[in-house]
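Open your viewer and get ready to select residues one by one. This tour says what to pick next and what is there.

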Amino acid sequence: MRPTRSKTSFTRFAKWTAKFAGRPVAFTAAVAIIGLWALTGPLFGFSDTWQLIINTGTTIVTFLMVFLIQSTQNRDSEAIQVKLDELIRLSKGGHNALLDLEELEEEELDAIREEYCRIAQEARARLRRGLHDTDVPEVAQQLSAVKHEVEAEKREIAALKKRV
C-alpha cells in the first residue's frame, strides 16, 4: 500500500530531506566533501578564506536542516500521539482522561506519572510473590483531579464565549 502523498511541496521536501539525511549515502557524501576540502588546504595555503568556506557551508546546511527535520519530527510526533489516543480510546478499561496528555502542564503530567510508577511498583511486588499482574488498577485520584480541572476550564471557556 502506498502512503498518501503530501499536499504541500514544503512537506514533501521536508520529508524527503529528513529521509535522505539519515541514510549512509548522505553521511558518505558529507565525509567526501570534508575530505575534498581538507585535501585542498595546501593548495590554498590553509588560508582564512579556505577555512571560511567550510565554516559558512556547514553553518548554512545545519541551519536549514534544523528547520526541515524539526518539521518532519513535529508531524511524526503528532501522528504518533493521535494513534496512541485512538488506542486508548478503543481499549476496554482504558482511561480516556489519558487522551491528549501532551497538552497538560508538567506538574499534572508528573502527578499522573507518579501514580503509574506506584502501580508499577505494586505490580512488581505482586509478581515477586508469584501473583498475576493482569488487572487494570484505577488511577482514580490523579485522573479524577485532571478531569475536574479540564471540566472547570471548559466551563470557563464556555462562559467567556458567551460574553463575547
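Select Gly130 first. Just after helix α4, Gly130 takes a positive phi of about 85 degrees. Keep in mind that you are looking at a predicted model.

**Stop: helix α4**

Now step back into α4 and select residues 106–128. The helix has 23 residues. From its first C-alpha to its last, α4 reaches 33 Å. That is close to the 33 Å expected at 1.5 Å a residue.

Which residues of α4 are buried? Colour Glu108, Ile112, Glu115, Ile119, Ala123 and Arg126. These are the buried residues of the helix.

Arg118 has 33%, so Arg118 counts as partly exposed. The cut-off behind this is simple: buried means under 20% relative accessible area.

Glu115, Arg118 and Glu122 are linked in a network of salt bridges.

**Stop: other salt bridges**

How many salt bridges does a search of the whole structure find? The search finds four. Two further ones are worth a visit.

Go to helix α3, residues 48–90. Select Arg89 and Glu86. They form a salt bridge, with the closest N and O atoms 2.8 Å apart. Arg89 and Glu86 are three residues apart in α3, so about one helical turn separates them. Check the exposure of both. Arg89 counts as partly exposed because its relative accessibility is 47%. Glu86 is also partly exposed, at 32% relative accessibility.

Jump to helix α5, residues 140–163. Select Glu151 and Lys154. Here the closest N and O atoms of the salt bridge are 3.9 Å apart. Glu151 and Lys154 are three residues apart in α5, so they too are separated by about one helical turn. Glu151 has a relative accessible area of 38%, so Glu151 is partly exposed.

**Stop: a nonpolar patch**

Select Ile60, Phe63, Leu64, Val66 and Phe67. They form a nonpolar patch on the surface. Together they have about 520 Å² of accessible area.

Ile60 sits in helix α3. At 48% relative accessibility, Ile60 counts as partly exposed.

How far apart are the C-alpha atoms of Phe67 and Ala14? They are separated by 8.6 Å, although the two residues are 53 residues apart along the chain.

**Last stop: Thr11**

Finish at helix α1, residues 9–21, and select Thr11, which lies within this helix. Thr11 has 14% relative accessibility, so Thr11 counts as buried.

What does Thr11 touch? Show Thr8 first. A polar contact of 2.6 Å joins the side chains of Thr11 and Thr8. Then look beyond the neighbours within four places in sequence. Leaving those aside, Thr11 is in contact with Ser6 and Arg75. Show both to complete the view.

Methods: Residues numbered from 1 in each chain as written. Predicted model: local features only at pLDDT ≥ 70, side-chain atom pairs only at ≥ 80, totals over all residues. Heavy atoms only, no water. Helix = DSSP H or I, 4+ residues; strand = E, 2+ residues; numbered from the N terminus. Buried < 20%, exposed > 50% of the residue type's maximum accessible area, 1.4 Å probe, protein only. Polar contact = N/O pair within 3.5 Å; in protein donor to acceptor, adjacent residues only side chain to side chain. Contact = heavy atoms within 4.5 Å. Patch = residues over 30% accessible without salt bridge, like charges linked within 9 Å, V, L, I, M, F, W, Y side chains within 5 Å. Areas by Shrake-Rupley, 256 points an atom, 1.4 Å probe, with all protein chains shown as cover. Salt bridge = Lys/Arg side-chain N within 4 Å of Asp/Glu carboxyl O. Expected span 1.5 Å × (residues − 1).
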